[in-house]
Amino acid sequence: MNLDIGKKKSVERIGPHNYEVLCLIYGSLLGDSFAEYRGKGVRICFQQESSNVEYLMWFHKFLSDRGYCSPIRPKLF
């Protein structure tokens, strides 16, 4: 199921949000992720060990396909 909403500013993505997106975000926040307030919104940072790079890239594609983040591949440290 492709729910591509394209690139939108954060103030245009107030909701309602897709149930799958909410589940992934909530689950991640219970794990290794954290959220921080940034002006008019919140940024969620996802952290994983190097052994989980494939999962992290899938997660990024899932969110970027739905307009929640940039399609540019994240930096790996």
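Tutor: From H1, Glu-20, Val-21, Leu-24 and Ser-28 meet Tyr-55, Trp-58, Phe-59, Phe-62 and Leu-63 of H2, where contact means heavy atoms within 4.5 Å. Sort the residues of this contact by type and you get seven nonpolar, one polar and one charged. Here Ala, Val, Leu, Ile, Met, Phe, Trp, Tyr, Cys and Pro count as nonpolar, Asp, Glu, Lys and Arg as charged, and the others, Gly among them, as polar.

A word on the ground rules: this is a predicted model, so local features need pLDDT of at least 70 and side-chain atom pairs count only at pLDDT 80 or more, while totals for chains, interfaces and linings use all residues. Residues are numbered from 1 along each chain as its sequence is written, and side-chain values use heavy atoms, with hydrogens and water left out.

Now the geometry. H1 covers residues 19-29 and H2 residues 53-65; they pack at an angle of about 140 degrees, and their axes are 11 Å apart. That makes the pair oblique (under 35 degrees is roughly parallel, over 145 roughly antiparallel, 65 to 115 roughly perpendicular, and the rest oblique). The axes are lines fitted to C-alpha atoms over the stretch in contact, with angles running from 0 to 180 degrees between N-to-C directions. The crossing of H1 and H2 is left-handed, that is, the near helix is turned anticlockwise from the far one by less than a right angle.

Zoom in on Leu-24, which lies in H1. Setting aside residues up to four places away in sequence, Leu-24 touches Trp-58, Phe-59 and Phe-62. Take Leu-24 and Phe-62: they are 38 residues apart in sequence, with their C-alpha atoms 9.7 Å apart in space.

Stepping back, the protein has two helices and two strands, in the order α-β-β-α along the sequence. Helices (H or I, at least four residues) and strands (E, at least two) are DSSP runs, numbered from the N terminus. Among contacts between residues at least 6 apart in sequence, 36% join residues at least 24 apart. Buried residues make up 22% of the 77 residues (buried is under 20% relative accessible area, exposed over 50%, partly exposed in between, with a 1.4 Å probe and protein chains only).

For a look at a strand, Glu-36 is in S1, residues 34-38. Glu-36 counts as partly exposed because its relative accessibility is 27%. Beyond its neighbours within four places in sequence, Glu-36 is in contact with Gly-41, Val-42, Arg-43 and Cys-45.
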